[in-house]
Each structure stands twice: as structure tokens, then as C-alpha cells.
Amino acid sequence: MTLSESAIMDRAFQALNSFRIEIPSWGFANTGTRFGKFVQAAAASTIEEKFADAAEVNRLTGVTPTLALHMLWDLPDGLKDVPAVKQLERRFGIRSGSINPNLFQNQEYKFGSLCNPSRAVRERALKHLLDSIEIAKALDSRDISLWMADGSNYPGTQNMRKRIGWLEEALRAAHSHLAPDQRLLVEYKPFEPAFYHTDIADWGMASHLARHAGPQACVLVDTGHHYNAQNIEQIVAWLLHTGMLGGFHFNDRRYADDDLTLGSIDPYQIFRIFHEIHAASDDGLAIDIAYMIDQSHNLKGKIEAMVQTVVMAQELYLKAALIDRKKLAELQRSCELVAAEELYRGAFWCDVRPLTREWRKAHGLPPDPLEALRASGYVERAAEERGSRSSAVSSYA
Ligand code: AFD
Ligand code: MN
Ligand code: MN
């Protein structure tokens with residue numbers, strides 16, 4: 001990396017000034033795995049507590065102004081809950097972010113929601129999706145972030161092609177209800193909870209469905225939703241090139257959709273993803289990407305893990321921004337492989353924490369948000385106030 005010190009500082013401030021990331025309401029609530037749940041005294045279990053925790057993360061980091069909301073978990077009464085949510089927005093200075101439909105928890109979705117062989121169930125699932133769009137409109141939320149668990153567990157038990165048709169029909173219908181400034185983000189996941197086929201299993205399927213739905217639909221890349229060897233940054237390059245990249249759900253994985261904290265297993269992969277985005281932006285591609293976190297940790301402290309992820313995301317975004325892309329392009333053209341690689345990963349090896357500390361100080365933020373969280377006593381106070389409840393309502397089954 002051959003940028004001068006002052007150029008590095010300028011580039012760092014430029015990158016950090018533009019970086020915002022959305023935090024998920026469900027990241028503050030008690031969750032578990034199918035093997036059980038370890039409740040935390042400080043975990044949030046009401047939407048008010050989730051807004052309060054989001055406000056604390058934003059106070060500490062300054063880059064998380066929006067909170068992703070989940071249908072059923074955060075808005076059990078749908079539109080009727082909107083006035084109270086707007087009040088929480090004003091009280092905590094946190095805006096509602098993407099609206100996440102819940103097409104996977106109700107008993108009637110046992111054999112699928114939008115892909116259920118029963119037309120009646122499909123119609124009710126579509127109604128839920130349309131309600132999600134209406135709630136997004138009422139909350140001035142731009143993105144409806146759709147993940148579906150639909151699939152099957154045994155070969156021969158479902159007609160996969162028929163289900164594609166039902167999905168195309170439903171997403172096109174949903175798309176026709178979007179406000180002009182709204183987007184439908186179609187998320188893919190190779191498996192789980194379905195173990196033989198998942199109806200939206202990869203980026204190609206999500207891309208097709210989004211394109212078929214209409215011009216305001218695009219693809220959401222959840223970094224935990226890939227097989228071990230998949231080259232996610234190549235998928236991102238394709239989605240950037242085709243104008244289909246809507247956003248990310250950031251987390252990390254070792255084996256499956258483990259929802260581990262971003263960068264805890266493979267930070268270099270996230271750096272490579274961010275490089276594709278910085279490079280595409282240099283090339284003038286329209287970049288309108290929603291960076292969102294999708295995590296809900298079973299063992300780490302909820303708020304601590306959220307701050308950790310936000311800080312990690314900033315650092316990896318900045319590392320990738322520091323690549324001297326002009327020089328890299330020359331080395332790529334001349335196929336100077338080692339020089340290109342050394343320049344590329346030289347940015348990854350750069351310890352950007354002094355730069356992020358400077359940026360935070362320049363913005364009146366705590367230089368070390370994790371340290372500031374610990375010093376604030378916020379988690380202890382929350383545990384005090386909330387711990388008396390038995391076990392908080394889990395936001396996951
Ligand atoms: C689960 C799903 C998916 C979805 C999230 C919120 O795997 O990532 O986005 O729940 O509904 O993690
Ligand atoms: Mn996700
Ligand atoms: Mn997931």
C-alpha cells in the first residue's frame with residue numbers, strides 16, 4: 001500500500017463518514033438454538049427495550065441510526081403498533097429500519113408459506129407480506145427484507161418447479177404494492193430449516209425472482225448463508241455488475257448459518273467483499289447498499305456483541321477502502337501477481353484502529369466503544385431492571 005500518511009487519513013475519514021450499518025431488534029433479545037436457550041438478565045424483551053439498546057449502541061458508535069424490525073416479534077398487532085413505534089423513534093432518536101416479514105413461525109407454514117401447495121395458505125402468506133409493506137410505508141421504512149424458510153425435507157415430496165411459479169407470482173404481486181421509493185430485498189439461504197431443498201437457495205434464484213418481481217426488487221446477501229467454499233465476493237461482484245445488490249445481513253459462520261459475530265471466523269472474506277464494493281463505486285456503478293447486521297448471540301452479551309460487530313464492520317470497510325486501487329489496477333493489467341496480492345492484502349494487514357479512534361474523537365464519540373460500554377454500566381443497569389422477569393420472550397423459536 002503506497003498511500004501517504006495524509007492521504008490515508010483523508011481516505012479513512014471519507015470512508016468512515018459515509019459508513020452506516022443497521023442493527024437488528026432481534027439481536028438484543030434472548031434467543032437460543034434448537035438445543036436450548038441461555039437467557040441473559042440484560043436481554044431486551046419489549047420493543048421499547050430494543051430501541052433503548054439500539055440507542056446505546058448508536059451513542060457509543062455513532063453509525064447505527066436505524067433498527068431493523070421483525071414482523072410478529074416487534075409488531076404483534078401490525079399497523080396498530082405503528083404509533084407506539086413512532087413514539088419510540090422520537091424518544092430514543094433511532095429510526096425504524098428494514099421491515100422483516102415472518103413467514104416461518106406460524107403452524108400453517110409447516111409445508112411452506114408463499115410456496116405452500118394450499119392456495120389458501122399462499123394467499124394468507126401474501127397478505128402478511130403486503131401487511132409488512134404497509135407497515136413499512138407507515139414507518140417510512142424503505143426496505144422490506146424478505147427471508148423465507150420454504151422448502152422440503154425429502155426428495156419427491158414437493159414439486160420444486162410449481163413452487164417457483166408460485167413464488168414468481170407472489171413476489172410480483174408484492175412488488176406492485178411497493179411505494180415508489182421502497183425496495184423488496186430478496187434474501188437467499190442454501191438450507192435450514194429445510195434440509196432437502198430451500199425454495200430461494202442461492203443468489204441466482206434470488207436474482208431471478210427479484211428481476212421477475214420488478215425494478216424495485218433486488219438481492220440481499222446474508223454472509224452466513226453460503227457453503228464453505230463459496231466465493232462470496234464473486235457473488236457480490238456479479239450482483240454489483242448486474243445492478244441487483246440491495247444489501248447485506250452481516251454475520252460470520254464456521255459450518256452453517258451460525259450467526260457468529262462478523263469477522264470472528266473469516267475477517268479477510270468481509271474485507272474482500274468490501275473491496276468489490278469500493279472498486280465498483282470507483283467505476284461509477286450505482287451503489288445503494290443497505291448494510292445490516294443479522295445476529296442474535298446465544299452466548300456473548302447482546303449489546304457487547306452488537307458493538308463489537310459494528311466496530312469490526314467499520315474496521316473492515318476502512319481496511320478495504322485503503323487499498324490503492326489505481327495501483328492495483330495497473331498490477332492486475334500487467335499480471336504482476338505477487339505485487340498485486342501484496343498491495344491488496346497489505347491494506348488488510350493495516351491496523352486501522354488508530355484511524356478509527358481519531359475519527360471517533362473528531363466526532364465526539366468514545367475512541368473505544370466497547371470500553372465505553374463497559375465503563376457506562378448500561379448492561380448492569382439493564383440486567384438490574386430486566387433481570388427480575390423470569391425468562392424473556394424469545395424472538396426465535
Ligand atoms: C434467520 C434467517 C435469516 C433471516 C433472519 C431474520 O436465517 O437470516 O434474515 O433469521 O429473520 O437468521
Ligand atoms: Mn438474514
Ligand atoms: Mn440467517
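# Reading a predicted model, feature by feature

Me: I've found Pro193, which sits in the loop between β8 and β9. Where do names like β8 come from?

Reply: Helices (H or I, at least four residues) and strands (E, at least two) are DSSP runs, numbered from the N terminus. Before you go on, note that this is a predicted model, where local features need pLDDT of at least 70 and side-chain atom pairs count only at pLDDT 80 or more, while totals for chains, interfaces and linings use all residues. Residues are numbered from 1 along each chain as its sequence is written, chains are lettered from A and ligands numbered from 1 in the order in which they are written, and side-chain values use heavy atoms, with hydrogens and water left out.

Me: Back to that proline, then. Is the peptide bond from Glu192 to Pro193 cis or trans?

Reply: General idea first: most peptide bonds are trans, and most residues other than glycine have a negative phi. The bond from Glu192 to Pro193 is cis, and its omega is near 10°.

Me: And which residues have a positive phi without being glycine?

Reply: Asp140 is one of them, with phi near 55°. You'll find Asp140 in the loop between α4 (119–138) and β6 (143–146). Cys335 is another, with a positive phi of about 55°, and its place is the loop between α10 (325–333) and α11 (337–349).

Me: Are Asp140 and Cys335 buried or exposed?

Reply: Go by relative accessible area: buried means under 20%, exposed over 50%, and partly exposed in between (1.4 Å probe, protein chains only). Asp140 has 56% relative accessibility, so it counts as exposed. Cys335 is exposed too, because its relative accessible area is 54%.

Me: Which residues come nearest to ligand 1?

Reply: A residue is near a molecule or strand if one of its heavy atoms lies within 4 Å of it. There are 12 residues around ligand 1, and His70, Glu187, Lys189, Asp257 and Asp294 come nearest. By class, the shell has 3 nonpolar, 3 polar and 6 charged residues. Here Ala, Val, Leu, Ile, Met, Phe, Trp, Tyr, Cys and Pro count as nonpolar, Asp, Glu, Lys and Arg as charged, and the others, Gly among them, as polar.

Me: What distances do I find from ligand 1 to the side chains of Lys189, Asp294 and His249?

Reply: A polar contact is a pair of N or O atoms within 3.5 Å; within protein, one must be able to donate a hydrogen and the other to accept it, and residues adjacent in sequence count only if both atoms are side-chain atoms. An oxygen atom of ligand 1 is 2.7 Å from a side-chain N or O atom of Lys189. For Asp294 the distance is 2.8 Å, and for a polar side-chain atom of His249 it is 3.2 Å. Taken alone, ligand 1 exposes 310 Å², and the protein buries 95% of that. Such areas come from the Shrake-Rupley method with a 1.4 Å probe; for residues, only the protein chains shown count as cover.

Me: Last topic: which residues is Arg163 in contact with, beyond its sequence neighbours?

Reply: Contact means heavy atoms within 4.5 Å. Leaving aside neighbours within four places in sequence, Arg163 touches residues including Phe111, Asp150, His197 and Asp199. Arg163 lies in helix α5 (residues 160–175) and counts as buried, at 1% relative accessibility.

Me: Where does Gln40 lie?

Reply: Gln40 is in the loop between β3 (36–37) and α2 (47–61), and it is buried, with a relative accessible area of 17%. A polar atom of its side chain lies 2.9 Å from the backbone oxygen of Lys300.
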